[in-house]
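User: I am new to this structure and would like a close look at how its parts are held and where space is left inside. Please take me through it in one connected answer.

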Amino acid sequence: MNYIGISAGFHDAALSVIDDAGNVLFAGHSERYSKSKHTKHLCYGLVEDAISYLTSRDVEIHYYERPWMKFLRQVRSGEKPVLSNLSVKEIIGTGLLHKLQDGRKGKVHTHNHHLSHAAAGFQTSPYDDATVVVIDAIGEFDTISIYNAWYDKNGVAQYKKLWGQRYPDSIGLFYSAMTQRVGLKPLDEEYILMGMAAYGKSNLSKELKEMSDTLIRSYKDITFKDNLHTGVPDTFLEGADNMDIACGAQLIVEQLITSVISKARSLGSSKNLVYGGGVALNCLANRLLGNFYDNIWIMPNPGDAGSSLGAACLGYGKRVNWTNAFLGYDISGDYPTNRIIDHLVTDKIVGVASGRAEFGPRALGHRSLLADPRGQEIKDKVNEIKRRQKFRPFAPIILEEYADMYFDMPRGFDNSRYMQVIARCRHPDLFPAIVHHDGTSRVQTVPNDGTGIRELLEKWYVLTGCPMLLNTSLNIRGEPMVNDRKDADRFEIMYNVKVIS
Ligand SMILES: [Fe+2]
């Protein structure tokens, strides 16, 4: 049996496949194939690729939410629900669904939205039991869920909900509303708002007080004075500096998340935290989790796209064999370590498109633009290629055993293999390109796991004495990450930077 998990119909459509031994055969994002960023539609290329990894004629299809529950919420909240969205077949597209089911039994199952998030986290985690916290914008009616999770004597994952918050009281909707308020795109550019926070005034700012007094009813219960689903009026905090708004929003979100995690610690029976939902991508806030838990797992794709894997996990039922996030489209061949090093030595910057694409929003070394992180000029050079806001720093990728030497890793995080958390850089003057305005870096640590990126860092260290590289995603501005060699060729031509496969 193969379990096909699907998330689609809202944003970030994705598809995952698990076999009946718990191996993740494939997990990929539709946007990487269709080139339409955050697309809600599954596309033909993704489905074809996923089918090529199937190992059984027997398949079950597991959809990441229950369309009728979402429909009901949309009716109740005065949104304009589309009748055709009541059917998984119509959401996915009859043609694509038939293609996945072709000659196979292919029964379609639907799951609770937050439970799909929880399963994506818990069943990929190393823990036998955990307290699972899900925080996102909205899933059906849910906005926050806390579960006890464990495996029964047959190894089947069990979830017991301990506490929840419901629409419209939502941490994710609050952060998206503030994203929109500063002129960024909600459900897309929240990470930019997070980056802007470092430039805002401290928590004594009048913007923060006004934002908090106007919008927050209770930090303890996570309730709001307004429904923020459609944002705040443009006149809200009129005249305020966008950086101060960002700073205020981040501080409020951190206080709300702290309140949820504190609740989880007191209600849950486990010492292990599994954290998921789109809000878990806020790597600045994640530094606070260690105040409550020593063991923390955030899977590399905690948002709705990752819930395609969660839905497949619910179908499979047991713990999956998690190795790493390289689960998507394959550019086959050995990782080109020596050629990358040669280019780094001569040009300081090089692209790499090799192996299976990352499942998740972050480039982890298979679809990356890499650079020598040392010195003053490299940030501007990479920015020239990426053409993004100059205030945003790039991320370091470092041999895991050297992370403590260069970064003050926050409590609860011995590692950060999927860039889940920020850490204070101990030598910001030596590596200005990978350090943010507040002195922190979004660290990716690489264990001794036999991957190509590990071998590359080891060789780079032997050659230079520096155990890290600058790592940013390989994408043409405004497009999703590079997927195949054709995309890599377009990148090369557009930016005159070598991309090695
Ligand atoms: Fe969600």
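Analyst: Let's start with the cysteines: searching the whole structure gives zero disulfides, a disulfide being a pair of cysteine sulfur atoms within 2.5 Å. Cysteine 466 is in no disulfide, and the nearest cysteine sulfur, that of cysteine 425, is 11 Å away. Cysteine 466 has a relative accessible area of 4% and is therefore buried (buried means under 20% relative accessible area, exposed over 50%, partly exposed in between, with a 1.4 Å probe and protein chains only). Cysteine 313 counts as buried too, at 0% relative accessibility.

A word on the basis: this is a predicted model, in which local features need pLDDT of at least 70 and side-chain atom pairs count only at pLDDT 80 or more, while totals for chains, interfaces and linings use all residues. Residues are numbered from 1 along each chain as its sequence is written, and side-chain values use heavy atoms, leaving out hydrogens and water.

Now for the metal. The iron ion has as protein donors His113 (NE2), His117 (NE2), Asp136 (OD) and Asp304 (OD), at 2.1 to 2.2 Å. Donors are N, O and S atoms within 2.8 Å of the metal (3.2 Å for Na, K and Ca), and water is not among the atoms, so sites may look incomplete. The spacing of the donor residues in sequence is H-x3-H-x18-D-x167-D.

Why is the arrangement called irregular? The four donor atoms subtend angles of 86 to 170° around the iron ion. Four donors count as tetrahedral if all angles lie between 85 and 135 degrees; four count as square planar and six as octahedral if opposite donors are over 155 degrees apart and all others between 65 and 115; anything else is irregular.
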